[in-house]
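User: I am new to this structure and would like to know what each term used for it rests on. Please set the values against the definitions as we go.

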Amino acid sequence: MPTHQHDVPARLIDVPALMQSDEAELDFLQRGSFAYFIDQTNPANGLVRDKNVPGWPASIAAVGMALLAYPVAVERALIGREAALRVVLTTLRFFWNSPQGPQADATGHHGFYYHFLDMESGRRAGTCELSTIDSAFLLAGALGAACYFNRPDADEQELCTLADALYRRADWQWAQNRGDTVTMGWKSGRGFLKHRWTGYNEALLLYILGLGSPTFPLPSASYQAWCAFYHWDHCYGVPYLQSGSLFTHQLSHVWIDFRGIDDQFMRAHGIDYFENSRRATLVQQRYAIDNPQRLIGYGQTCWGITASDGPGPATRVIDGVKRRFFDYVARGVPHGPDDGTIAPWAVIAALPFAPEIVLPTIAQFARTPALHCRYGYKTTFNATFRSKAMPHGWVSPWHFGIDQGPVLLMIENYRSGLPWRLMRACPYIGSGLRRAGFRGGWLDAAPGMP
């Protein structure tokens, strides 16, 4: 583990003022991210393609992010309210009416849904698992959309009713499979997956939703069982709750504003989860500056290591050093794996936590024309993976819905806080947080279920 010592900066009270160029770049990135959802959504059922490849299946997590993206897009004048309402209502109608059951070609079971769905039929794609975490993202998106489209007309009221019914249908107790924690998923004909959601990761949102359920709530003990696997670490002199891939410090924060609220674990360490994600972001930059593997390009404005696609699998000798490169893998800091692949989207999604280092990094990406595209920036690049055909390194040709969503939504959380405000108005979120032991800040006055 790196041993360099640095002081931990206090959380900034006054974040850097956005310059006109910053505003323009954030506008560009939000437009690009929303363009993905416009291009890759089936208007007949609202399903969003996981990856911009013809014939590729839909991702239910990407659908959840799209559902929360539509309110942002309306407020940013990227789409009209009526047009956005039609897409969201079509999506929720599809999921409510889609086949539920143990059959191998169903869409879901016990209120949860398969990770990937056929873009046209909406049935399970391939042999993928019924995913509890991706279902959580889908349900959170539905609840957030319902907090925005809540006017008294018939269509918006139907949307609210469907979102509520979808959430209430999810049987979180079934998903425990008689254990203390929640399983990662289930497969028709094979049963529950062996692995469970334990330790700090993106499943923080999952537990809060499960605890807040009025129909099949998780017991409070399930949250404590999950926290029992937490790992408090020190890296580059920064003490924090460690989880290697940057996205694990971000995805629950897309939906929930953790500023000023804390659970028992965080109270014992004197911070909240928002500050923890800030520290994880700082560690990412410091790791890139230290660059222990001497990878090309890493530095103060080139960092961002997360679960992502990459140029491998391959082994190459680069400048006399034999290096192994990966395809899709959960890259992480400080323990790896790390093959030189940087994900600009993960940097952008860290904007609310540490704008003083994210904005200069975005500016560096903005000065790199090879990264620009219709959807904002390219998903990932690797300057170390060079060849005669790619003298400047590898750039991913693909985009993913689960990467585009956090770009649009976390930029908006930084700019206006709209996604956070919508979710704070959802009583199930307040109830789930309180049952997990959170208190303080905005939560003290937030609505909850009796």
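## Terms and what they rest on

Analyst: The residue H110 lies in the loop between β2 and β3, and phi of H110 is near 55°, a positive value in a residue other than glycine. Strands (E, at least two residues) and helices (H or I, at least four) are DSSP runs, numbered from the N terminus. This is a predicted model, in which local features need pLDDT of at least 70 and side-chain atom pairs count only at pLDDT 80 or more, while totals for chains, interfaces and linings use all residues. Residues are numbered from 1 along each chain as its sequence is written, and side-chain values use heavy atoms, with hydrogens and water left out.

User: What is the average pLDDT of the chain, and what does the model show over residues 1-16?

Analyst: The chain averages a pLDDT (the predictor's confidence in each residue, from 0 to 100) of 94, and 96% of the residues score at least 70. Over residues 1-16, however, the pLDDT is below 50, although this stretch has 35 contacts (heavy atoms within 4.5 Å) in the model beyond near neighbours in sequence. Where pLDDT is low, the predicted coordinates should not be read in detail.

User: Why are β2 and β7 called edge strands?

Analyst: An open sheet of 5 strands has the order β2-β3-β5-β6-β7, with antiparallel pairing, and β2 (108-109) and β7 (191-192) each pair on one side only. Two strands pair if DSSP finds at least two bridges between them; β2 and strand β3 (residues 112-114) are joined by 2 bridges and therefore count as a pair. Within that pair, G108 stands opposite Y113 in β3.

User: How do you know that β14 and β18 each have a side left without a neighbour in their sheet?

Analyst: Their open sheet has 3 strands in the order β14-β17-β18, with antiparallel pairing. β14 (341-342) and β18 (394-395) stand at the edges with a single partner strand each, so one side of each has no neighbour in the sheet. β14 meets strand β17 (residues 381-382) in the antiparallel sense over 2 bridges, and I342 stands opposite F381 in β17.

User: How do the residues lining the largest pocket divide into nonpolar, polar and charged?

Analyst: Ala, Val, Leu, Ile, Met, Phe, Trp, Tyr, Cys and Pro count as nonpolar, Asp, Glu, Lys and Arg as charged, and the others, Gly among them, as polar; by that division the lining holds 18 nonpolar, 3 polar and 6 charged residues. About 620 Å³ of space lies in this pocket, and of its 27 lining residues the closest to its centre are H115, D134, E202, Y328 and I402. Among these, D134 and E202 are charged by the definition. The largest share of the lining, 3 residues, comes from α4.

User: What is the omega of the peptide bond from V333 to P334, and where is P334 found?

Analyst: That peptide bond is cis, with omega near 5°, and P334 is found in the loop between β13 and β14. The peptide bond from G336 to P337 is also cis, with omega near 0°, and P337 has its place in the loop between β13 and β14.

Key: 1 Å grid on protein atoms, 1.4 Å probe; cavity = no way out; pocket = protein on both sides within 12 Å on 5 of 7 lines; lining within 4 Å. Points joined across faces, edges and corners; volume = space filled by probe spheres on them.
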